[in-house]
Amino acid sequence: MADQHRDLDDLIDALRVRPDEAVDLRERPTDADFGMDKEAALARLADTRTAIDLLQQRLYAEGTRSVLLVVQAMDAAGKDGTIRNVLTGLNPAGIHVTSFKAPGGPEVQHDYLWRVHQAVPRRGEIGVFNRSHYEDVLVVRVKRFVPETVWRRRYEHIRHFEQLLTDEGTTVVKVFLHVSKDEQARRFQERLDDPEKRWKFRAGDLDDRALWDDFQAAYTEAIERTTTKDCPWYVVPADSNSRRNMAVGEILRRTLERLDPRIPDPEEGLDGVKVV
Ligand code: ADP
């Protein structure tokens with residue numbers, strides 16, 4: 001059992017992108033079983049959620065630090081499903097999920113990090129971003145919403161921004177859910193064919209699919225330029241939902257374990273106090 005855990009540690013660690021590592025998404029697996037069948041992955045995630053819940057309680061009690069999990073992916077890779085499955089059953093008071101859509105209203109009157117900074121978790125919380133400031137070097141680049149000179153300098157802004165968060169007590173960890181083009185087609189078709197799922201499909205999804213290579217190139221560069229020792233990217237195989245969810249759970253759990261949040265010392269003089 002201990003060996004199995006060590007193997008899983010290695011497999012999860014292999015998903016992490018080191019600083020200065022060249023990323024070739026075509027070489028990175030979209031399908032991996034981590035040595036588990038579906039049932040084993042579901043059971044493992046259930047254990048992981050229990051562990052995360054305990055660690056989150058301690059993080060809250062400690063009240064000085066927070067964790068930000070950034071989730072990015074191509075359409076239908078399963079951002080929503082991952083977030084739901086990893087966080088189900090945790091104390092909602094300690095978790096804050098923010099979904100970023102195309103900016104509007106006051107957001108467009110400010111710099112692109114303005115809305116993001118407001119959404120970072122409070123001390124003691126786990127924050128999850130469903131899309132994020134990375135859209136400003138992804139869709140914005142691919143759809144040519146701003147000139148290259150503008151999006152290119154953002155990598156540096158983002159590195160500094162995330163370092164600021166790190167320095168001030170927020171641990172940032174980023175996952176790219178890596179789905180294959182074939183699996184995306186299968187999931188889109190399923191959405192179109194199933195009346196219960198059709199609401200998830202937008203005609204624009206096919207326009208983005210036609211830009212697959214451009215998006216992969218944008219992801220590649222974003223990951224390479226913003227993975228750091230403190231704020232790493234993980235490229236998570238996403239063709240299997242159960243293994244994808246398990247892997248993201250492991251990443252979050254390991255991040256919290258490394259922080260090792262401590263319950264504060266109780267006030268002095270409470271020994272032997274009887275409540276009457
Ligand atoms: P999701 O696909 O995340 O489930 P939606 O279908 O509502 O949710 O899509 C949100 C859209 O918002 C995506 O197409 C995404 O590219 C877009 N978006 C998010 N952030 C930005 C941004 N900063 N600039 C432009 N578009 C953005």
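A residue is called buried if its relative accessible area is under 20%, exposed if over 50%, and partly exposed in between, calculated with a 1.4 Å probe and protein chains only. This tour concerns a predicted model, in which local features need pLDDT of at least 70 and side-chain atom pairs count only at pLDDT 80 or more, while totals for chains, interfaces and linings use all residues. Residues are numbered from 1 along each chain as its sequence is written, and side-chain values use heavy atoms, with hydrogens and water left out.

**Stop 1**

Select Asp260, in the segment after helix 11 (241-259). Helices (H or I, at least four residues) and strands (E, at least two) are DSSP runs, numbered from the N terminus. Asp260 counts as partly exposed because its relative accessible area is 31%. Its phi is near 50 degrees, a positive value in a residue other than glycine.

Next, select Asp20 in the loop between strand 1 and helix 2. Asp20 also has a positive phi, near 70 degrees. Its relative accessibility is 80%, and therefore Asp20 is exposed.

**Stop 1: Helix 2**

Select residues 38-62, which form helix 2. The expected span of a helix is 1.5 Å times one less than its number of residues. For the 25 residues of helix 2 this gives 36 Å, which agrees with the 36 Å between its end C-alpha atoms. Among the buried residues of helix 2 are Ala41, Leu45, Ile52 and Leu59.

**Stop 3**

Six of them form an open sheet in the order 1-6-5-2-4-3, with mixed pairing. Strand 1 (16-17) and strand 3 (95-99) are the edge strands, each pairing on one side only. Two strands pair if DSSP finds at least two bridges between them.

Select strand 2 (residues 66-73), where eight of the eight residues are buried. In a regular strand the side chains alternate between the two faces of the sheet. In strand 2, Ser66, Leu68, Val70 and Gln72 point one way, whereas Val67, Leu69, Val71 and Ala73 point the other way.

Now select the neighbours of strand 2. Strand 5 (residues 170-178) pairs with strand 2 in the parallel sense over eight bridges, and strand 4 (residues 126-130) pairs with strand 2, also parallel, over five bridges. Leu69 can be followed to both: its bridge partner in strand 5 is Val173, and in strand 4 it stands opposite Val128. Strand 4 is also joined to strand 3 by five bridges, and these two strands run parallel. Here His96 stands opposite Gly127 of strand 4.

**Stop 2: Ala218**

Select Ala218 in helix 10 (residues 212-226). Ala218 is buried because its relative accessible area is 0%. Between Ala218 and Val71 there are 147 residues in sequence and 16 Å in space, C-alpha to C-alpha.

**Stop 3: The ligand**

Of the 13 residues around the ligand, Lys101, Ala102, Arg131, Glu135 and Asp136 come nearest.

An N or O atom in the side chain of Arg115 lies 3.2 Å from a nitrogen atom of the ligand. An oxygen atom of the ligand is 3.3 Å from a polar side-chain atom of Arg202, and an oxygen atom of the ligand is 3.5 Å from an N or O atom in the side chain of Lys79.

Notes. A residue is near a molecule or strand if one of its heavy atoms lies within 4 Å of it. A polar contact is a pair of N or O atoms within 3.5 Å; within protein, one must be able to donate a hydrogen and the other to accept it, and residues adjacent in sequence count only if both atoms are side-chain atoms.
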